[in-house]
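Please open the model in your viewer and keep the sequence panel beside it. The tour below moves from one selection to the next and says what is there at each stop.

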Amino acid sequence: MNIQIIIPILVFLLTTVIILWRPKGINEAWPAAIGAGIILLTGTVSYANIIDIISKIGGAS
């Protein structure tokens with residue numbers, strides 16, 4: 001498997017587990033933001049894709 005596929009899957013699974021587990025009652029926004037940061041730092045998603053996603057869901061959030 002390609003590393004560009006493995007990293008997002010692992011980050012997604014780990015983020016989901018932490019959000020559902022909620023250790024010490026942390027807000028679910030923290031693991032989601034950290035997961036998003038890891039995805040950005042690894043270059044899995046380009047900044048152009050991020051701008052496109054924000055423009056599509058910006059009003060809802």
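A residue is called buried when its relative accessible area is under 20%, exposed when that area is over 50%, and partly exposed in between, with a 1.4 Å probe and protein chains only. This is a predicted model, in which local features need pLDDT of at least 70, side-chain atom pairs count only at pLDDT 80 or more, and totals for chains, interfaces and linings use all residues. Residues are numbered from 1 along each chain as its sequence is written, and side-chain values use heavy atoms, with hydrogens and water left out.

**The whole chain**

Begin with everything selected: the chain has 3 helices and 0 strands, where helices (H or I, at least four residues) and strands (E, at least two) are DSSP runs numbered from the N terminus. Along the sequence the pattern reads α-α-α. Taken along the principal axes, the C-alpha atoms fill a box of roughly 35 × 35 × 15 Å, and of the 61 residues 8% count as buried.

Select residues 3-21, which are α1. The expected span of a helix is 1.5 Å times one less than its number of residues; for the 19 residues of α1 this gives 27 Å, and the end C-alpha atoms are 27 Å apart, which agrees. Within α1, pick T16, which counts as partly exposed because its relative accessibility is 28%. T16 and P31 are 15 residues apart in sequence, and their C-alpha atoms are 8.3 Å apart in space.

Go on to the loop between α1 and α2, where R22 is placed. Most residues other than glycine have a negative phi. The phi of R22, however, is near 50°, a positive value in a residue other than glycine, and R22 counts as partly exposed at 39% relative accessibility. K24 is in the loop between α1 and α2 as well; K24 has a positive phi of about 55° although it is not a glycine, and it is exposed, with a relative accessible area of 86%.

**Helix α2**

Now select residues 29-42, helix α2, whose 14 residues should span 20 Å and whose end C-alpha atoms are 20 Å apart, which agrees. Which residues of α2 are buried? They are P31, G35 and I39. Seen down the axis of α2, these buried residues fall within an arc of 75° (the arc of the directions from the helix axis to the C-beta atoms), so they line one face of the helix. On the other side of α2, W30, I34 and L41 are exposed. Just after α2, G43 takes a positive phi of about 80°.

**Where α1 meets α2**

Show both helices together: α1 is included in what covers the buried residues of α2. The two pack at an angle of about 170°, with their axes 9 Å apart; axes are lines fitted to C-alpha atoms, for helices over the stretch in contact, and angles run from 0 to 180 degrees between N-to-C directions. That makes α1 roughly antiparallel to α2, a term for angles over 145 degrees.

To see the contact (heavy atoms within 4.5 Å), select I7, P8, V11, T15, I18 and I19 in α1, which meet P31, A32, G35, I38, I39 and T42 in α2. The residues of this contact divide into 9 nonpolar, 3 polar and no charged, where Ala, Val, Leu, Ile, Met, Phe, Trp, Tyr, Cys and Pro count as nonpolar, Asp, Glu, Lys and Arg as charged, and the others, Gly among them, as polar.

**Helix α3**

Finish at S55 in helix α3, residues 47-57, where S55 counts as exposed at 55% relative accessibility. S55 and R22 are 33 residues apart in sequence and 30 Å apart in space, C-alpha to C-alpha.

Methods:
Angles under 35 degrees count as roughly parallel, over 145 as roughly antiparallel, 65 to 115 as roughly perpendicular and the rest as oblique.
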